[in-house]
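Please look at the sequence and the structure below before reading on.

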Amino acid sequence: MSPISTSLTLGAAAPPIPVTPKVHPPAGLTTDFVTRFEPTSFMFWLEMFGIFACSVSGTVIAKHKNFDMFGCILVAMIAAISGPTARDIILDRYPLFWMVNMNYLLIITITSVGFQMFCNPKSSHVDGLLKLFDGMALAIFTLIGIQVAQEMGANIPICILLGVLNILFGGVIRDMLCNEIPLVLQREIYVTAAIVGGILYFVLEGMGVTPWIKESLTMLTIFVIRMLAVRYDWHFPDIGLVKKQTL
């Protein structure tokens with residue numbers, strides 16, 4: 001054999017050995033199912049319910065102000081997507097969620113039209129209905145805002161701030177369009193409930209609590225604080241040192 005052929009034989013690379021990928025069997029309902037449950041799909045439907053709740057609150061207040069059909073739909077859309085949109089812009093999170101999933105706009109439109117057809121704006125239950133769905137939206141969107149900011153690498157104070165912004169921004173614009181004083185500018189226990197819930201979220205996370213339990217307790221805490229404030233008319237005290245003179 002010639003030297004040239006010997007060198008070519010020695011330098012040739014061996015053919016690659018095929019590697020068979022490991023196939024993991026699907027997880028079954030074992031005894032540790034609850035402790036390792038990750039509610040990804042649950043969070044999706046929870047977000048959809050939050051969109052529904054915001055749509056209801058926007059439609060109810062717009063209907064009460066005698067807006068027409070398209071005006072009510074517009075207010076419902078602003079109430080539902082303004083906060084998450086502002087959150088995503090701040091976090092540089094693109095494309096915007098409602099631009100890639102038309103289910104959001106569809107749910108808002110159907111909800112708004114349905115409540116316009118069957119909701120009596122002069123009913124005595126309208127104010128209670130508005131506050132109930134507003135409290136649900138506050139709890140859900142605060143949690144979602146915190147989780148989105150956390151996924152984007154924000155620190156704890158920014159996560160809580162964006163959780164509050166996630167619901168607050170849409171509510172402020174909704175109230176301004178309907179010529180109402182926004183709740184955040186009043187002495188309502190509103191932002192405080194979201195902040196307390198956000199702090200509880202990270203306390204439970206530091207304790208290693210199961211994710212779905214942590215999320216449920218966070219939302220429950222926010223909702224209960226807000227509903228108790230509505231029920232018992234809790235307000236922040238006036239910190240003014242000068243007493244108001246009565247005429």
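What follows describes ring pairs, charges over rings, a surface patch and one aspartate.

This is a predicted model, in which local features need pLDDT of at least 70 and side-chain atom pairs count only at pLDDT 80 or more, while totals for chains, interfaces and linings use all residues. Residues are numbered from 1 along each chain as its sequence is written, and side-chain values use heavy atoms, with hydrogens and water left out.

**Ring pairs**

A search of the whole structure finds 8 aromatic pairs. Rings of Phe, Tyr and Trp (its six-membered ring) pair if their centres lie within 6.5 Å, and planes under 30 degrees apart count as stacked, over 60 as edge-to-face and the rest as tilted. Because the planes of phenylalanine 52 and phenylalanine 133 stand at 75°, with ring centres 5.8 Å apart, this pair is edge-to-face. Phenylalanine 52 lies in helix H2 (residues 40-64) and phenylalanine 133 in helix H6 (residues 126-151), so the pair ties together parts that are 81 residues apart in sequence; helices here are DSSP runs (H or I, at least four residues), numbered from the N terminus.

Phenylalanine 133 also pairs with phenylalanine 115, and because their centres are 6.4 Å apart and their planes at 80°, this pair is edge-to-face. Phenylalanine 115 lies in helix H5 (residues 103-118), so its pairing with phenylalanine 133 in helix H6 ties together parts that are 18 residues apart in sequence. Phe49, Phe52, Phe115 and Phe133 form one aromatic cluster.

The table lists relative accessible areas, where buried means under 20%, exposed over 50% and partly exposed in between (1.4 Å probe, protein chains only).

| Residue | Relative accessible area | Class |
|---|---|---|
| Phenylalanine 52 | 25% | partly exposed |
| Phenylalanine 133 | 10% | buried |
| Phenylalanine 115 | 22% | partly exposed |
| Tryptophan 234 | 40% | partly exposed |
| Aspartate 134 | 6% | buried |

**Charges over rings**

A charge sits over a ring if NZ of Lys or CZ of Arg is within 6 Å of the ring centre and within 35 degrees of the ring normal. The charged end of arginine 87 sits over the ring of phenylalanine 97, 6.0 Å from its centre, and that of arginine 231 sits over the ring of tyrosine 232, 5.2 Å from its centre.

**A buried aspartate**

Which residues does aspartate 134 touch, not counting residues up to four places away in sequence? Aspartate 134, whose place is in helix H6, touches Ser57, Arg174, Leu183 and Tyr190 when residues up to four places away in sequence are not counted, with contact meaning heavy atoms within 4.5 Å.

How values were computed
Helices (H or I, at least four residues) and strands (E, at least two) are DSSP runs, numbered from the N terminus.
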